Amino acid sequence: MRIAIPRLGRILLCAIQQDLSDDDALEFQSNLLSTIADVEALGVVIDISALDVVDSFMARVINDTASMARLLGAEIIVCGIQPFVALTLVEMGQGLLGANCTFNLEQGLKTLQARIALRGDFTATKDDDEHFD
Amino acid sequence: MSAHNHLAALNLLLTTQRPEILEKWTAEILKSWSKRLPNTFNVSEMRLHTAQLLEQVSQIFACYPTHGLWDFPESHPLALIMSEFSASRAVAGFTPTETAQYVMSLKSVLTLALIRVGITSAAELETNLSAVEDVIGRLTLVTFSAFVATRERIILGQSASLIDLSTPVIRLWDRVLLLPLVGVIDTARARKFTENLLEAITRYEASVTVIDVTGVPVFDTAVARHLMKTVDAAQLLGTRVVMTGLNPEGALTLTKLGITMPNVITRATLRTGVAEALALIGRRIVTIPSSQS
């Protein structure tokens with residue numbers, strides 16, 4: 001199953017709508033990474049509100065994706081973690097260490113934009129960045 | 001002299017037919033070097049050199065010991081001539097084969113000439129041939145080791161200059177340094193650029209250092225470890241580190257290795273990294289109003 005990664009300016013959105021197999025999860029990870037590199041994304045929001053269960057592999061993939069995105073210069077927000085999922089993650093000792101979390105997509109975008117606005121490169125280059133928007 | 005007796009045929013050949021032998025030998029060399037461009041070697045110079053060499057070889061045969069092996073010390077004039085010649089071939093970019101053929105072809109010429117003389121005694125022919133084999137064989141060895149030694153020296157010199165050339169630390173702004181990394185990072189290079197960087201950071205009291213890894217082709221465990229060391233050392237001196245130009249594969253490798261670099265600001269491109277670095281010291285690049293395009 002391929003997950004679409006729509007673009008909002010230099011922010012990437014992706015919503016994981018259903019449980020992913022391990023292979024799909026890895027494919028999603030590499031797709032997201034190459035898209036981040038292609039558009040020089042400033043931020044990424046991953047919406048996992050549709051996931052009722054997260055196994056340790058999926059938790060790891062999300063965690064890894066977050067730190068990879070950071071290494072590629074993008075801020076990352078994970079939003080919509082369900083209570084049961086949160087409990088599982090904590091019990092597995094696998095909190096989402098690399099990412100910030102919000103309740104829903106709207107808040108996620110707001111937080112992301114606030115964080116991007118604080119970035120030095122955004123304030124310093126936004127005059128010249130029109131071709132990306 | 002007893003030496004004259006047992007190699008009589010060979011010595012006679014070398015005194016009476018030397019011009020013919022020289023001519024054949026030169027022809028052989030020219031044939032094996034024919035693929036070379038004419039300007040990579042000087043024919044008249046080579047003729048002079050072969051004549052000189054044949055003279056030396058004749059002298060060796062003239063006093064070749066009756067029993068046991070011929071003593072060929074490294075300081076022998078012939079050894080010196082050959083090492084020098086071989087070294088000059090290595091510098092000119094000749095292949096090992098082409099260089100070795102130079103001496104080897106003399107062997108075939110001498111062997112053929114000896115057989116044509118028509119020595120009747122099998123033992124005499126054997127003595128003469130084995131003397132040729134021995135002398136030319138050892139000359140070839142000297143040539144070859146001199147060739148390899150010269151090549152080694154060239155390679156060593158090149159890698160040393162590569163280390164010096166390829167790791168500059170650029171002063172981007174008053175207190176901003178840029179370390180552009182290009183090429184494969186090995187231990188020697190990593191140490192060199194880390195030293196350079198740390199020295200520059202202290203000299204300019206840099207508050208921000210941008211490390212650009214766009215030009216690093218492979219990101220493996222070793223490279224990541226070297227980079228981590230550099231970053232840690234730089235941060236100990238009190239500079240902020242901005243890393244730029246990491247590609248998706250690099251990010252994947254670092255994450256799989258559990259390296260997250262929490263204290264390092266990472267940016268996609270050198271452009272945004274420079275902007276970030278300038279912002280950190282409170283500067284910003286703006287358009288000059290009068291020259292707006």
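Predicted model: local features only at pLDDT ≥ 70, side-chain atom pairs only at ≥ 80, totals over all residues.
**View 1. Chain B as a whole.** Chain B is built from 11 helices and 5 strands. It has 293 residues, of which 42% count as buried. Of the contacts in chain B between residues at least 6 apart in sequence, 74% join residues at least 24 apart.

**View 2. Helix α6 of chain B.** Helix α6 covers residues 96-117, 22 residues in total. From its first C-alpha to its last it reaches 32 Å, close to the 32 Å expected at 1.5 Å a residue. A kink of about 40 degrees in α6(B) is centred on B:Tyr102. After α6(B) comes B:Gly118, with a positive phi near 85 degrees.

**View 3. Buried residues of α6(B).** The buried residues of this helix include B:Tyr102, B:Val103, B:Leu106, B:Val109, B:Leu110, B:Ala113 and B:Leu114. An α-helix has 3.6 residues a turn, so residues three or four places apart point the same way.

View 4. B:Thr239 sits in the loop between α9 (221-236) and β4 (240-244) of chain B. This residue counts as buried because its relative accessible area is 4%, under the 20% cut-off. Leaving aside neighbours within four places in sequence, B:Thr239 is in contact with B:Ile201, B:Ala206, B:Ser207, B:Val208, B:Thr209 and B:Ala234.

**View 5. Polar atoms at the side chain of B:Thr239.** A polar atom of this side chain lies 3.3 Å from the backbone oxygen of B:Ala206. The backbone nitrogen of B:Val208 lies 3.4 Å from a polar atom of the side chain of B:Thr239.

Note on methods:
Residues numbered from 1 in each chain as written. Chains lettered and ligands numbered in written order. Heavy atoms only, no water. Helix = DSSP H or I, 4+ residues; strand = E, 2+ residues; numbered from the N terminus. Buried < 20%, exposed > 50% of the residue type's maximum accessible area, 1.4 Å probe, protein only. Polar contact = N/O pair within 3.5 Å; in protein donor to acceptor, adjacent residues only side chain to side chain. Contact = heavy atoms within 4.5 Å. Expected span 1.5 Å × (residues − 1). Bend = angle between axes of the 7 residues up to and from the residue.
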